[in-house]
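Here's a quick briefing to read with the model open. Have a look at the fold first, then come back for the details.

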Amino acid sequence: MVMKADKEKPKGQMDHSTMAPGKSSDTKAAETSVAIMTPFAVPKEEPQPSLKLAIKRAADQKGWVLKALTENFAFSEALADGDHKPGVGHGHIYLNGLKLGRLYKSDFTVGELPKGQHVVRVTLNTNNHRTYQVRGKKVTAVVNIRVDD
């Protein structure tokens, strides 16, 4: 009896077909993680991205509207996970140190927050997730939100 291999991988299993020979999935994941953690130092001849954040109460008073104000940077969801293209990428948004997700446009809404002080941080990242770095500093901005009621 001859059986054909099923082309579709079983649910919950990793596809190992694209891995380099002799490398485990843990090794590949570790290499990817190290690359992501290494900032991308913008060469002097490339546009130097910058970032500021503006935040205001949502119209319904139940959250916050964040606006990422950038220069020399364009958000692009279509190029995410691809090769670096100068001045293009996405943002990573964090609330109190916890990553909420990626920004593919300049606006983002943060929902209702409990009473207290909260820190929102955004980084600008290359298409392959490395944080942009200009003159030795990561391109990042922070705003504080204080909720009294």
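Which side chains meet in a salt bridge at 3.8 Å, N to O? Those of D81 and R102 do, a salt bridge being a Lys or Arg side-chain nitrogen within 4 Å of an Asp or Glu carboxyl oxygen. Keep in mind that this is a predicted model, where local features need pLDDT of at least 70 and side-chain atom pairs count only at pLDDT 80 or more, while totals for chains, interfaces and linings use all residues. Residues are numbered from 1 along each chain as its sequence is written, and side-chain values use heavy atoms, with hydrogens and water left out.

**Salt bridges**

- By that rule, the count comes to three salt bridges.
- Strands here are DSSP runs of E with at least two residues, numbered from the N terminus.
- D81 is exposed at 54% relative accessible area, whereas R102 is partly exposed at 33%. The cut-offs are under 20% for buried, over 50% for exposed and partly exposed in between, with a 1.4 Å probe and protein chains only.
- K67 pairs up with D107, with the closest N and O atoms 3.2 Å apart. That joins distant parts of the chain, since K67 is in strand β3 and D107 in strand β7, 40 residues apart.
- K67 is partly exposed at 35% relative accessibility, and D107 is also partly exposed, with a relative accessible area of 35%.
- R146 and D148 make another salt bridge, at 2.9 Å between the closest N and O atoms. R146 is exposed at 57%, and D148 is partly exposed at 48%.

**The open sheet**

- Three strands line up in the order β2-β3-β7 as an open sheet with antiparallel pairing; two strands count as paired if DSSP finds at least two bridges between them.
- β2 (50-57) and β7 (107-110) are the edge strands, each pairing on one side only.
- From one strand to the next, the twist averages 25 degrees. For that, axes are lines fitted to C-alpha atoms, and angles run from 0 to 180 degrees between N-to-C directions.
- β2 and β3 (residues 64-71) share eight bridges, and A54 has K67 as its bridge partner in β3.
- β3 and β7 pair over four bridges, with W64 opposite V110 in β7.

**The nonpolar core**

- The largest nonpolar core has 24 residues, and L51 and L53 touch the most other members. Such a core is a set of buried Ala, Val, Leu, Ile, Met, Phe, Trp, Tyr and Cys residues joined through side-chain atoms within 4.5 Å.
- β11 (140-147) is among the strands that supply at least two residues each, and with four residues β11 gives the most.
- Beyond its neighbours within four places in sequence, L53 is in contact (heavy atoms within 4.5 Å) with residues including L66, A68, V120 and V142.

**Positive phi spots**

- Q61, in the β2 and β3 hairpin with six residues between the strands, takes a positive phi near 65 degrees.
- N72 isn't a glycine, yet has a positive phi of about 55 degrees. N72 lies in the loop between β3 and β4 (74-75) and is partly exposed at 45%.
- H129 isn't a glycine either, with a positive phi of about 75 degrees. H129 sits in the loop between β8 and β9 and is buried at 10%.
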